[in-house]
Amino acid sequence: MVRQVVVAGGTGEVGRQLLALLAACPDSSIRALVRRPGSVAISANITEVPFDYEDAAAYLTVFQSPCDLLLIALGTTRAKAGSDEAFLRVDRDYPLRLISALAATHPKGRVGLVSSVGADRGKGLYLGAKAAVEAELTASGLAHAIARPSFLRSERSEFRPLEVLVDRLISPVWLALGRGLFPRSPGWWRWAPVHVREVATALLEASLALEPGQRRILEGVDLHPGPVARWGR
Ligand SMILES: NC(=O)c1ccc[n+]([C@@H]2O[C@H](COP(=O)([O-])OP(=O)(O)OC[C@H]3O[C@@H](n4cnc5c(N)ncnc54)[C@H](OP(=O)(O)O)[C@@H]3O)[C@@H](O)[C@H]2O)c1
């Protein structure tokens, strides 16, 4: 039974969806790690925990309390971070620290991670960071589920030109062609843009169902279940 959940990245697009789903699980108690108090929607079972990701001691402190499930939806962009090093702090180092702190304190805990399509062939700055985190999860021995979405669709208020281009122009065509011609094609759906709601739903379901030591990778049709039936979603 998963009762105690820690969420890192709950203010982001996928993270907010995770928290919205968790808010509907009254038996679970959720701690959302935040940089700025007042940044997540609080409900009866969700509390904010102000967290300094640069403070090494904070990682052990947070896991002094019970934790059955750690959900990680952290991320930034190279442009927003300002340097390769700053990007890697967020996309690689903070998740690595969270995972190793959980493994040290709660070896029976489980992890749900938002990674990226292509992380299995992780080269370059972005995919290299994702691959490093995935490798750490494997080495940790913790049961884990990894979502590897392609481009995310969301109602993001921040302007990201590539996401807008994909969402407005490429997604409608890609999804319509997939539903019409390739509803079960793993390759097609692996690269299909996917809404953050679908990612969060699939990742949470898989994380809650993990058996001890199990590893689950969610990509393609795992993140687009029943694409034909879901026409219009
Ligand atoms: N965008 C895409 O198309 C795409 C595609 C595939 C995979 N992904 C991956 O999916 C994951 C989730 O993406 P998303 O779009 O939901 O992310 P997002 O909306 O950009 O949210 C990122 C989260 O990371 C936190 N964060 C950012 N910089 C931080 C820092 N310096 N220190 C501490 N926390 C920081 C944010 O907290 P604050 O609110 O405090 O800033 C926020 O909670 C990411 O790992 C991303 O790489 C994205």
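Which residues come nearest to the ligand? Of the 26 residues around it, they are Thr-11, Arg-35, Leu-74, Lys-130 and Arg-156; a residue counts as near if one of its heavy atoms lies within 4 Å of the molecule.

Before going on, a word on the model. It is predicted, so to speak of a local feature we need pLDDT of at least 70, and side-chain atom pairs count only at pLDDT 80 or more, while totals for chains, interfaces and linings use all residues. Residues are numbered from 1 along each chain as its sequence is written, and side-chain values use heavy atoms, with hydrogens and water left out.

A polar side-chain atom of Lys-130 is 2.7 Å from a ligand oxygen. For the side chain of Arg-160, an N or O atom lies 3.1 Å from an oxygen of the ligand. Gly-9 takes part through a backbone N or O atom, 3.3 Å from a ligand oxygen. On its own the ligand has 910 Å² of accessible area, and the protein covers 87% of that; the areas come from the Shrake-Rupley method with a 1.4 Å probe.

Helices α1 (13–23), α4 (84–105) and α5 (124–140) each supply at least two residues of the shell. The largest share, 3 residues, comes from α4. Helices here are DSSP runs of H or I, at least four residues, and strands are runs of E, at least two, numbered from the N terminus.

Next, α5. Its 17 residues reach 23 Å from first C-alpha to last, close to the expected 24 Å; the expected span is 1.5 Å times one less than the number of residues. Lys-130 is among the buried residues of α5, as are Ala-129 and Leu-137. Buried means under 20% relative accessible area, exposed over 50%, and partly exposed in between, with a 1.4 Å probe and protein chains only. The cover over the buried residues includes α4, β5, β6 and β9, where contact means heavy atoms within 4.5 Å. After α5 comes Gly-141, with a positive phi near 80 degrees.

Now α6, residues 161–181. The 21 residues should span 30 Å at 1.5 Å a residue, and the end C-alpha atoms are 29 Å apart, which agrees. The buried residues of α6 pack against β7 (152–153) and α7 (186–190).

Last, Pro-37, in the loop between β2 and β3. Buried or exposed? Pro-37 counts as exposed because its relative accessibility is 61%. Leaving aside residues up to four places away in sequence, Pro-37 touches Glu-48 and Pro-50.

Definitions and conventions. A polar contact is a pair of N or O atoms within 3.5 Å; within protein, one must be able to donate a hydrogen and the other to accept it, and residues adjacent in sequence count only if both atoms are side-chain atoms.
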